[in-house]
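Trainee: I have a model open on my screen. Can we go through it by question and answer?

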Amino acid sequence: MSTTSSDPLATLATLPGVTDAVDSVRKAVDRVYGHRVMRRRSNEVTSEAALRGARGSAALSGADWNLEEVRRRTDFTGDSEARVVGAALRLAAEAGQLLSIWRQSPLRVLARLHLVAAGGAAPEDAVGRPRLVGEPVDEPLIEAPLPDADEVAGRLEGLSGLILSGSEAPALVTAAVVHGELLALRPFGSYNGLVARTAERIVLIGSGLDPKSICPAEVGHAEQGRAAYVAAFEGYLSGTPEGMASWIAHCGRAAELGVRESTAVCEALQRGAA
């Protein structure tokens, strides 16, 4: 992402279609927060949103498990799919613990997220740091050319600076850019998609849009499908106004679908069915 504005995120917020996406997400979030169940049982909704978000993120990374299987399993040390699901669950649990650090050092948070995701499954010297020259990347969903290690380091610093400098942009725009940039860079040797989607969630929580973390955008990304996710991401990679707007709108729709999921959870709790 590049632009000459002193607040490039705010500039993106003015693109055609982005304002409508931002408004639609805000209204959806406000509705679910106004649900009567949220007054008494918000912790249960938060827990269920984390579980469903983890399942959705894992599905995009190639481990499309049934929700009840994710809920039932306790051992995620088996095959590659089990490790992906385990990584997604650990990241969902970790996201809310990193908000204060994110505001001070986004790069520390990203390192921590990769460490949590890897969970000892990657070589110790390759965990929690950006990849070095010549190191491979395991990210089967995203096939775009990999930036080299020097570009990754520079762009990560730029992303960190953008976050630390603050912006008037809506949370959805910032979250979509963080998500898209991390997918583009794939800074770690593994679990980049999971880390990128967790970072998106951290922005949505920390911005105040979704402080109770009950609107799992990962559910919506999975529901729209892997092909739509990749197609929208190609818009981000293009760097064109149309492409960026398309990616932000896609992320907005994902957040709305996450809201719909949590609304269903609220309704089930109200009926005593969950």
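This is a predicted model: local features need pLDDT of at least 70, side-chain atom pairs count only at pLDDT 80 or more; totals for chains, interfaces and linings use all residues.

Trainee: Which residues does Ala171 touch, not counting residues up to four places away in sequence?

Mentor: Ala171 lies in helix H9 (helices are DSSP runs of H or I, at least four residues; strands are runs of E, at least two; both are numbered from the N terminus). Contact means heavy atoms within 4.5 Å. On that rule, Ala171 touches Val203, Leu204, Ser207 and Leu209.

Trainee: How many helices does the protein chain have, and how compact is the chain for 274 residues?

Mentor: The protein chain has 13 helices and zero strands. The radius of gyration is taken over C-alpha atoms, and the globule rule is 2.2 Å times the number of residues to the power 0.38. That rule gives 19 Å for 274 residues and the chain has 18 Å, which is close, so the chain is as compact as a globular protein of that length.

Trainee: What share of the 274 residues is buried?

Mentor: The C-alpha atoms fill a box of roughly 55 × 45 × 35 Å along the principal axes. Within the protein chain, the buried share of the 274 residues is 53%.

Trainee: Are H8 and H9 roughly parallel or roughly antiparallel?

Mentor: Helix H8 (residues 149–165) and H9 have axes 11 Å apart, at an angle of about 170°. Axes are lines fitted to C-alpha atoms, for helices over the stretch in contact, and angles run from 0 to 180 degrees between N-to-C directions. Under 35 degrees counts as roughly parallel, over 145 as roughly antiparallel, 65 to 115 as roughly perpendicular and the rest as oblique. H8 and H9 are therefore roughly antiparallel.

Trainee: How does H9 lie relative to H13?

Mentor: The axes of helix H9 (residues 171–185) and helix H13 (residues 241–271) come within 9 Å and cross at roughly 110°. That makes H9 and H13 roughly perpendicular.

Trainee: Which residues of H13 make that contact?

Mentor: From H9 come Leu172, Val173, Ala176, His179, Gly180 and Leu183. Facing them in H13 are Trp247, Ile248, Cys251 and Gly252.

Trainee: What kind of aromatic pair do Phe233 and Trp247 form?

Mentor: Rings of Phe, Tyr and Trp (its six-membered ring) pair if their centres lie within 6.5 Å; planes under 30 degrees apart are stacked, over 60 edge-to-face and the rest tilted. The count comes to five aromatic pairs. Phe233 and Trp247 are 6.1 Å apart, centre to centre, with 70° between the planes, and the pair is edge-to-face.

Trainee: How far apart in sequence are the parts that this pair ties together?

Mentor: Both Phe233 and Trp247 are buried. Phe233 lies in helix H12 (residues 226–238) and Trp247 in helix H13, so the pair ties together parts that are apart in sequence by 14 residues.

Trainee: Is Arg186 buried or exposed?

Mentor: Arg186 sits in the loop between H9 and helix H10 (192–206). Phi of Arg186 is near 45°, a positive value in a residue other than glycine. At 2% relative accessibility, Arg186 counts as buried.

Key:
Residues are numbered from 1 along each chain as its sequence is written. Side-chain values use heavy atoms; hydrogens and water are left out. Buried means under 20% relative accessible area, exposed over 50%, partly exposed in between (1.4 Å probe, protein chains only).
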